[in-house]
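Let's take a walk through this protein together, starting with one idea about surfaces and then moving from single residues out to the whole chain. Keep the viewer open as you read.

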Amino acid sequence: ERFHERMLLDPELRHAFEAADLVRLRRQHAAFLAHALGGPVRYDGSDLRASHAELGITGPQFDRVVEHLVHALLLVGTPE
């Protein structure tokens, strides 16, 4: 939730999520992160490159999302 809150408040990123199905997106992100961090959840979605290929995401936008993700993970106690 904190990750999405930060992205939706970010003036550089929020426009990219205006038309998104946020319930679905949160579910996908949660499954991806749980899987990537070694949790028991299985992620069956597309890989990052394939799922974002046509979105025109710039390098700085990607970096900004990563900053928000790292911040949110640290807030909930995820070890570095």
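A residue is called buried here when its relative accessible area is under 20%, and exposed when that area is over 50%, with partly exposed in between. Keep in mind that you are looking at a predicted model.

With that cut-off in hand, find histidine 4, which sits in helix 1. Its relative accessible area is 7%, so histidine 4 counts as buried. Which residues does histidine 4 touch, once neighbours within four places in sequence are left aside? They are Leu25, Arg26 and His29.

Two of those names come back when you turn to helix 2, which covers residues 22-36. Leu25 and His29 are buried in this helix, and so are Ala31 and Leu33. The cover over the buried residues of helix 2 includes helix 1 (2-9) and helix 4 (59-75). Helix 2 also passes a simple check on its length: at 1.5 Å a residue, its 15 residues should span 21 Å, and the end C-alpha atoms are 20 Å apart, which agrees. After helix 2 comes glycine 38, which has a positive phi, near 90 degrees.

Now step back to the loop between helix 1 and helix 2, where you will find aspartate 10. Not counting residues up to four places away in sequence, aspartate 10 touches Arg64 and His68.

The protein has 4 helices and 0 strands, and reading along the sequence gives the pattern α-α-α-α. Its C-alpha trace spans about 30 × 25 × 25 Å along the principal axes. How does that fit with the chain length? For 80 residues, a compact globule would have a radius of gyration near 12 Å, and the 13 Å of this protein agrees with that.

Contacts tell you how the chain comes together: among those between residues at least 6 apart in sequence, 54% join residues at least 24 apart.

The accessible surface comes to about 6200 Å², and 57% of it belongs to carbon and sulfur atoms. As for charge, the protein carries 9 positive and 12 negative charges, whose mean positions are 4 Å apart.

Definitions and conventions. Residues numbered from 1 in each chain as written. Predicted model: local features only at pLDDT ≥ 70, side-chain atom pairs only at ≥ 80, totals over all residues. Heavy atoms only, no water. Helix = DSSP H or I, 4+ residues; strand = E, 2+ residues; numbered from the N terminus. Rg over C-alpha atoms; globule rule 2.2 N^0.38 Å. Contact = heavy atoms within 4.5 Å. Areas by Shrake-Rupley, 256 points an atom, 1.4 Å probe, with all protein chains shown as cover. Lys, Arg positive; Asp, Glu negative; His and termini not counted. Charge placed at Lys NZ, Arg CZ, Asp CG, Glu CD. Expected span 1.5 Å × (residues − 1). Buried < 20%, exposed > 50% of the residue type's maximum accessible area, 1.4 Å probe, protein only.
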